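Okay, thanks for coming, everyone.

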Amino acid sequence: MPTSYQAPTRGDTHEAKKSVSQSTQSNIKRDAATVAELLKSKGRTVFLVAPSDTIATAVNILRDKKIGALVVTTSDGALAGILSERDIVRKLAETPGQTLPQLVAENMTENVITCAPDDTLITVLRLMTEGKFRHMPVLADGKLQGMVTIGDVVTYRLQELEHEALQLKQMIVG
């Protein structure tokens with residue numbers, strides 16, 4: 001069967017236009033967001049408690065500040081541990097009616113997994129998910145720089161996605 005002939009139209013060129021399809025590489029942001037970027041938007045405020053403080057003191061701070069964990073530091077500011085709501089609830093189940101007068105040092109998590117400002121958020125999120133914890137102190141040169149929560153990471157990523165969607169919409173419309 002013969003093919004039909006289509007005459008050239010205005011704007012046609014002799015060279016065929018190459019189309020470029022999207023790839024995973026073209027759709028992924030090249031620079032992964034870091035803990036430092038998150039701390040810039042979130043702030044570096046960290047609520048502290050001493051190992052010698054009581055669980056009652058810690059519970060009041062958690063309630064008043066509406067947070068889920070406290071960083072435990074020594075008198076010279078060194079990281080000693082972390083005390084989370086989960087730590088307290090476990091102790092309440094083990095020692096009902098006797099938990100509030102106990103010391104933070106007796107109930108804190110001592111082996112704290114930390115991150116650095118230049119760590120990527122995806123790395124931090126993976127560590128939190130695999131370790132089943134929600135709070136991670138940020139250290140640089142052994143000094144406390146802030147605290148990152150799993151909620152902070154999710155919120156930051158959602159804001160990035162909203163910004164990317166807005167940029168795409170503007171490119172399509174404009």
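**Two loops, then the inside**

Let's start with lysine 132, which is found in the loop between α5 and β4. A word on those labels: helices (H or I, at least four residues) and strands (E, at least two) are DSSP runs, numbered from the N terminus. Keep in mind that this is a predicted model, where local features need pLDDT of at least 70 and side-chain atom pairs count only at pLDDT 80 or more, while totals for chains, interfaces and linings use all residues. Residues are numbered from 1 along each chain as its sequence is written, and side-chain values use heavy atoms, with hydrogens and water left out.

Back to lysine 132: it has a positive phi of about 55° although it is not a glycine. Most residues other than glycine have a negative phi. Lysine 132 is also exposed, at 65% relative accessibility. By exposed I mean over 50% relative accessible area; buried is under 20%, and partly exposed is in between (1.4 Å probe, protein chains only).

Now go to the loop between α3 and β2, where you'll find lysine 66. Lysine 66 has a positive phi of about 55° and isn't a glycine either. Its relative accessible area is 75%, so it is exposed.

Next, the hairpin. Strands β2 (residues 69–73) and β3 pair in the antiparallel sense over 5 bridges; pairing takes at least two DSSP bridges between the strands. Valine 72 has glycine 81 in β3 as its bridge partner. There are 5 residues between the strands, and in this hairpin glycine 77 takes a positive phi near 90°. And β3 (residues 79–84) is largely enclosed by the rest of the structure, because 5 of its 6 residues are buried.

What are the buried residues of helix α4 (residues 85–94)? They're Asp87, Ile88 and Lys91. They cover an arc of only 95° around the axis, so they sit on the same side of α4; that arc is taken from the directions from the helix axis to the C-beta atoms. The buried residues pack against α3 (55–65) and β3, with contact meaning heavy atoms within 4.5 Å. On the face turned away, you get the exposed Val89 and Ala93.

Last stop: the largest nonpolar core, with 14 residues, where Val35, Leu121, Val124 and Val148 have the most contacts inside it. A nonpolar core is a set of buried Ala, Val, Leu, Ile, Met, Phe, Trp, Tyr and Cys residues joined through side-chain atoms within 4.5 Å. Another core, of 11 residues, lies apart from it and includes Leu62, Val72, Ala80 and Ile88.
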